[in-house]
Amino acid sequence: MDWLNLIIIPTIRSLVLIVVLLTGFAYLTWYERKLLARFHVRIGPNRAGPRGLLQPIADAVKAVFKEEIIPGHVDKMVYLIAPALALVPALIIWAVIPLGKGFPAVADVPIGFLWILAVAGIESYGVILAGWSSNNNYSLLGALRSSAQMISYELPLGFFLLSILLLAGDFSLVNLVESGRQWWEWLWLWLMFPLFFICILAETNRSPFDLPETENELVAGFQTEYGGIKFALFFMAEYINMITTSAIMATLFFGGYALPFGIGSDFLPILGPFILAGKIIVLLFLFIWVRASLGRPRYDQLMGFAWRTLLPISLVYMIITALLTVFFK
Amino acid sequence: MSFEMIFFILVGALSVGTAVGVVTSRIAVHSALFLLVHFATLAILYVTLNAQFLAAAQIIVYAGGIVILILFVIMLIGSAPLETRAGYRSWVPYAGLALGVVMLAGMALTVLQMPPATINPAANEGGVPIVLGVEIYSQNILLVELAAVLLLVALLGALLLARRPKTEETSIS
């Protein structure tokens with residue numbers, strides 16, 4: 001019984017989740033290409049299958065059958081570990097995200113919040129180690145930028161998360177969704193959402209903050225020396241990170257798997273994952289919209305914004321949240 | 001053997017192995033990576049002891065913060081082996097070894113002198129952050145404040161080191 005509960009059931013749940021996420025990743029690339037095409041007034045992929053729907057499968061087959069090249073000048077062990085290290089954190093965050101009423105993805109741990117913070121902390125290793133092990137100046141510069149960027153933006157992100165935590169008063173994400181909030185709490189959190197989203201953009205290395213891989217100055221930065229399926233793993237990590245962070249934002253800011261005003265709460269166990277997926281798709285649209293609309297800032301602008309603007313704002317926000325929590329809750 | 005025992009032996013072996021890897025690796029980045037895995041195994045052991053909060057803190061502070069900073073520094077100053085650097089003294093490893101032995105002896109003595117462990121009721125609920133928070137901020141508030149002052153001193157020291165003399169800047173402009 002011990003073995004069944006401790007290993008087999010979580011393994012099955014994780015496998016289902018991973019399959020769903022990898023499929024989600026494949027179709028996110030299609031979604032992004034189609035949307036970007038719309039923004040550019042183009043048609044986008046339309047050759048493989050109806051509306052280009054088979055394009056992701058064709059891409060996957062191509063990536064898998066590419067020749068495995070390991071350049072002679074790399075640190076082989078670290079070079080091979082790095083893509084996996086980039087992908088794994090994006091997947092394991094899902095362990096604590098609630099998918100429906102009384103139905104967490106893998107486990108309802110009392111420290112769900114901290115789990116997110118912890119995994120966000122180790123997310124940058126893939127990029128840093130890829131850059132270092134490639135033994136290439138451009139890659140190393142990309143890695144340095146990435147680590148500095150992630151450390152900097154983690155600070156305001158942490159303070160914003162702390163503010164949400166102060167209002168919720170509980171580390172469990174399941175309780176967070178189920179206990180609900182008062183109207184002023186929602187408003188106060190939504191006020192912060194744009195700033196939180198900026199931090200998330202920087203943490204996931206998404207455009208306009210994709211300075212670790214700027215192709216015009218660093219020739220793709222940390223991934224220059226990678227090809228075939230190993231390059232695809234970095235690609236996968238970035239996109240699954242988008243899905244994961246969207247799920248986190250949906251859970252923290254938009255009620256997760258629940259509909260507003262408790263509509264349809266009777267069917268929620270079945271509907272929950274689909275409602276969450278719908279919210280994730282809307283948030284993903286935001287990621288792609290930003291990518292299509294904004295240009296990259298300069299590197300010093302990026303760092304200056306984190307330290308001079310976001311960090312003070314997040315500190316003030318946290319202090320006000322603490323006061324609100326003490327006096328109104 | 002129970003499930004916990006097998007698990008502990010596996011994770012413990014990995015923990016010791018990676019700790020040895022940290023000090024025996026010739027390449028600094030590999031040492032940092034071993035350290036990362038070592039911290040992860042410690043966090044896993046904390047979870048098996050029902051101290052989930054401590055496990056999360058371990059990952060956030062050490063794996064998420066300190067090892068990244070170590071890697072950052074290695075990349076900034078380069079990762080060539082120590083022996084090839086200017087200013088390297090051949091007695092440094094022995095001094096490190098001696099310091100390690102003294103440290104180990106001190107720890108062993110402390111453990112041997114301790115009275116048999118009495119279980120603090122709060123420890124059983126260590127996974128629940130509220131219990132831990134109340135414990136830290138009531139019983140041990142003085143220690144927390146002392147640590148805060150220490151961190152503040154470190155922060156000021158870093159500022160002082162990073163500050164450029166003002167006269168130079170004005171002469172350039």
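A residue is called buried if 20 or more other C-beta atoms lie within 10 Å of its own, exposed if 12 or fewer do, and partly exposed in between, with the C-beta atoms placed from the backbone. By that rule, 14% of the 173 residues of chain B count as buried, while buried residues make up 42% of the 329 residues in chain A.

Before selecting anything, note that this is a predicted model, in which local features need pLDDT of at least 70 and side-chain atom pairs count only at pLDDT 80 or more, although totals for chains, interfaces and linings use all residues. Residues are numbered from 1 along each chain as its sequence is written, and chains are lettered from A and ligands numbered from 1 in the order in which they are written.

**Stop 1: chain A as a whole**

The C-alpha atoms fill a box of roughly 60 × 50 × 50 Å along the principal axes. The radius of gyration of chain A, taken over C-alpha atoms, is 20 Å, which agrees with the value near 20 Å for a compact globule of 329 residues; the globule rule is 2.2 Å times the number of residues to the power 0.38. Two residues are in contact if their C-beta atoms, placed from the backbone, lie within 7 Å, and among the contacts in chain A between residues at least 6 apart in sequence, 78% join residues at least 24 apart.

**Stop 2: a loop residue**

Now select A:Val41, which sits in the loop between helix 1 and helix 2 (55–65) of chain A. Is A:Val41 buried or exposed? A:Val41 counts as exposed, because 6 C-beta neighbours lie inside 10 Å. Its phi is near 55°, a positive value in a residue other than glycine.

**Stop 3: helix 5 of chain A**

Move on to residues 125–133 of chain A, which form helix 5; nine of its nine residues are buried, so this helix is largely enclosed by the rest of the structure. Among those buried residues are A:Tyr125, A:Leu129 and A:Trp132. To see what covers them, display helix 3 (76–92), helix 4 (112–122), helix 6 and helix 10 (228–253) of chain A, together with helix 2 (28–48) and helix 3 (52–77) of chain B, which are included in the cover. After helix 5 comes A:Asn135, whose phi is positive, near 55°.

**Stop 4: where the chains touch**

Show both chains and select the contact between them, which takes 21 residues from chain A and 18 residues from chain B. On the chain A side, the elements that give two or more residues are helix 1 (2–39), helix 4, helix 5 and helix 6, and helix 4 gives the most, with six residues. The residues of this side divide into 17 nonpolar, three polar and one charged, where Ala, Val, Leu, Ile, Met, Phe, Trp, Tyr, Cys and Pro count as nonpolar, Asp, Glu, Lys and Arg as charged, and the others, Gly among them, as polar.

While helix 4 of chain A is in view, pick out A:Val119, which is found there and is buried, with 24 other C-beta atoms within 10 Å. Leaving aside neighbours within four places in sequence, A:Val119 is in contact with A:Pro89, A:Ile92 and A:Ile93.

**Stop 5: helix 12 of chain A**

Select residues 299–328 of chain A, the 30 residues of helix 12, whose end C-alpha atoms are 41 Å apart, in agreement with the 44 Å that the helix should span at 1.5 Å a residue; the expected span is 1.5 Å times one less than the number of residues. Where is the kink of helix 12? A kink of about 35° lies at A:Leu310, shortly before the proline A:Pro312, the bend being the angle between axes fitted to the seven residues ending at a residue and the seven starting there. A:Leu310 is also one of the buried residues of this helix, which include A:Tyr317 and A:Met318, and their cover includes helix 6 (137–168) and helix 8 (183–203) of chain A.

**Stop 6: chain B**

Finally, select chain B, which has eight helices and zero strands. In helix 2 of chain B you can find B:Leu42, which counts as partly exposed, with 19 C-beta neighbours inside 10 Å. Apart from neighbours within four places in sequence, B:Leu42 is in contact with B:Ser15 and B:Gln58.

Key
Helix = DSSP H or I, 4+ residues; strand = E, 2+ residues; numbered from the N terminus.
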